[in-house]
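Please keep the sequence and the model in view while reading.

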Amino acid sequence: MDSTLLKGLTLLEAIVAEGHPIGISALARRVDLPKSNVHRSISALREGGYVNFDAESRRYYPSLKLAQMGRRVNAGFPFRMAILPVLRELVAATGESAHFVLLDGDSVVFVANARPDTTVASVIPDSLSLRWEDTALGVALVSALPPEDRARLLARTETPTIRDWLARTERDGIAQLPRHATRRIFELAAPVRSGWDTVIGAIGITGPSMRFDDAKLPDRISAVTSAARIAFTAHEGLSAGPDHG
């Protein structure tokens, strides 16, 4: 790959990962490049409409063009299209909203969602990003990671009860959250694994906390874990590629 292009993409990733506007000097330290190189690449990115510049703070931040590109990619993402029927079946089985997430750094991204045809339901938009420890779907996913990867994520969180929650999830194979403190929804989620027993993502349901019902819990857990197995099949089908035999 062209080195100039690679530098520009590296800078773009760093700006997006920062989470807030960043200046040239800080960006140069982040990517370990000379300020002159960073300035040239940033100028090209700004000219292309990929980053914006705040004149008052003299810092750069991602443009809406990136968000628009992400939405277009997400809409046509092959696995998203493959997983949607699984989510719709999960909605039909539970009467609640269904979701699939992928890990992105310290967060999970909701790449696909389906909701029931009811007046009151949990609504989570596509591409929403949440800290992994802030949702049962993130906890389910992280519970299935290799110990070293899990330890790195745990080292960067200050949530006091997260280790106990992870341990319960690893033991039971399901992450449960009867009521989220601010979103006022319940969440149930299970990890989705590949044929090599590596975690792909997590699948689960959410709904208004008033509909969390212990009597329905076994059936809901069964539906979520079954959906996780079917999601694995959808993933393997895509990974296998077309049959040219």
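The largest nonpolar core of this predicted model has 26 residues, and those with the most contacts inside it are L87, L90, F100 and I203. A nonpolar core is here a set of buried Ala, Val, Leu, Ile, Met, Phe, Trp, Tyr and Cys residues joined through side-chain atoms within 4.5 Å; buried means under 20% relative accessible area, exposed over 50%, and partly exposed in between, with a 1.4 Å probe and protein chains only. Two or more residues of this core come from each of α5 (78–94), β3 (97–104), β4 (107–114), β7 (185–193), β8 (199–208) and α9 (217–240). Another core, of 24 residues, lies apart from it and has V108, L153, W165 and L166 among its members. In soluble globular proteins, nonpolar side chains tend to be buried together.

Residues are numbered from 1 along each chain as its sequence is written. Because the model is predicted, local features need pLDDT of at least 70 and side-chain atom pairs count only at pLDDT 80 or more, whereas totals for chains, interfaces and linings use all residues; side-chain values use heavy atoms, with hydrogens and water left out.

The chain contains nine helices and eight strands; these are DSSP runs, helices being H or I of at least four residues and strands E of at least two, numbered from the N terminus. Of the 245 residues in the chain, 43% are buried. Among contacts (heavy atoms within 4.5 Å) with a separation of 6 or more, 55% are between residues 24 or more positions apart.

Six strands form an open sheet in the order β5-β4-β3-β8-β7-β6, with antiparallel pairing; two strands pair if DSSP finds at least two bridges between them. Its edge strands, β5 (129–131) and β6 (175–177), each pair on one side only. On average, neighbouring strands of the sheet are turned by 30° against each other, direction ignored. The antiparallel strands β7 and β8 are joined by nine bridges, and F186 stands opposite G207 in β8. Helix α6 (residues 136–143) lies across β3, β4, β6, β7 and β8 and runs at about 155° to β8. For such angles, axes are lines fitted to C-alpha atoms, for helices over the stretch in contact, and values run from 0 to 180 degrees between N-to-C directions.

How do α1 and α3 pack? Helix α1 (residues 3–18) packs on α3 at an angle of about 80°, and the axes are 9 Å apart. The two helices are therefore roughly perpendicular to each other, a class that covers 65 to 115 degrees, while angles under 35 count as roughly parallel, over 145 as roughly antiparallel and the rest as oblique. K7, G8, L11, L12 and I15 of α1 make the contact with N37, V38, S41, I42 and L45 of α3.

R46 also belongs to helix α3 (residues 35–47) and, at 43% relative accessibility, counts as partly exposed. Beyond its neighbours within four places in sequence, R46 is in contact with V51, F53 and Y60. Y60 is 14 residues from R46 in sequence, and their C-alpha atoms are 8.9 Å apart.

Most residues other than glycine have a negative phi. S127, in the loop between β4 and β5, has a positive phi of about 75° although it is not a glycine; its relative accessibility of 33% makes S127 partly exposed. R184, in the loop between β6 and β7, has a positive phi of about 55° and is likewise not a glycine. At 56% relative accessibility, R184 counts as exposed.
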